[in-house]
Amino acid sequence: MCERCDFIAARGSKADVEEGDRLMPAFDANGLLTCVTTDAATGEVLMVAHMNAEALARTVETGEAWYWSRSRASLWHKGDTSGQIQSVVEMRIDCDQDAIVLKVEVGGDGGCCHTGRRSCFYRRVITEPDGRGRLAFDATE
């Protein structure tokens, strides 16, 4: 895995994974976990990204969000260049340990999306009367 990942345990039994107190993430075939990041105060979903073992370890170690950039194939410290550092208030893992939720406070201008918006989820999918879908921007956009 990685040098700083010694606190990440090998996968155990179903009972160990679901009821135990050890972090035993189920990384996918590419070595990644899905991470949903939300605003700690409001619960607003800000972004979805991925973490490899090193990103997970650095996030736990530093209290700031680290991700794995699939497009750049590299570690990514969110806000390192933009100033939009995500300070982790709480981290949760789901029942089978294959997804993470970060509750964060965002520094800088508060943005999280590469388009300059606060959230990457700035459009709603609307179902038209004929059953087709279309995108609608939120009123604040």
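Ala 73 is placed in the loop between E3 and E4, where helices (H or I, at least four residues) and strands (E, at least two) are DSSP runs numbered from the N terminus. The residue has a positive phi of about 50° although it is not a glycine; most residues other than glycine have a negative phi. The structure is a predicted model, in which local features need pLDDT of at least 70 and side-chain atom pairs count only at pLDDT 80 or more, whereas totals for chains, interfaces and linings use all residues. Residues are numbered from 1 along each chain as its sequence is written, and side-chain values use heavy atoms, with hydrogens and water left out.

Gln 97 is buried, with a relative accessible area of 3% (buried means under 20% relative accessible area, exposed over 50%, and partly exposed in between, with a 1.4 Å probe and protein chains only). UniProt, in an unreviewed entry, places a "binding site" feature at Asp 94, Asp 96 and Asp 98; UniProt positions are given in the numbering used here, feature names are shortened, and annotations may be inferred rather than shown by experiment. Asp 94 is found in the loop between E5 and E6 and is partly exposed, at a relative accessible area of 28%. Asp 98 belongs to the loop between E5 and E6 and is likewise partly exposed, with a value of 34%. When its neighbours within four places in sequence are left aside, Asp 98 is in contact with Ala 26, Leu 33 and Thr 34, contact meaning heavy atoms within 4.5 Å.

From the unreviewed UniProt entry also comes the feature "domain: Phosphoribosyl-AMP cyclohydrolase", at residues 47-122. The end C-alpha atoms of this span lie 10 Å apart, and the span is 13% helix and 38% strand.

In helix H2 (residues 53-62), the buried residues are Ala 53, Glu 54, Ala 55, Leu 56, Ala 57 and Thr 59. The buried residues of H2 pack against several strands, among them E1 (33-39), E3 (66-69), E5 (86-93) and E6 (99-106). Just after H2, Gly 63 takes a positive phi of about 75°.

Val 48 lies in strand E2 (residues 45-51) and is partly exposed, with a relative accessible area of 40%.
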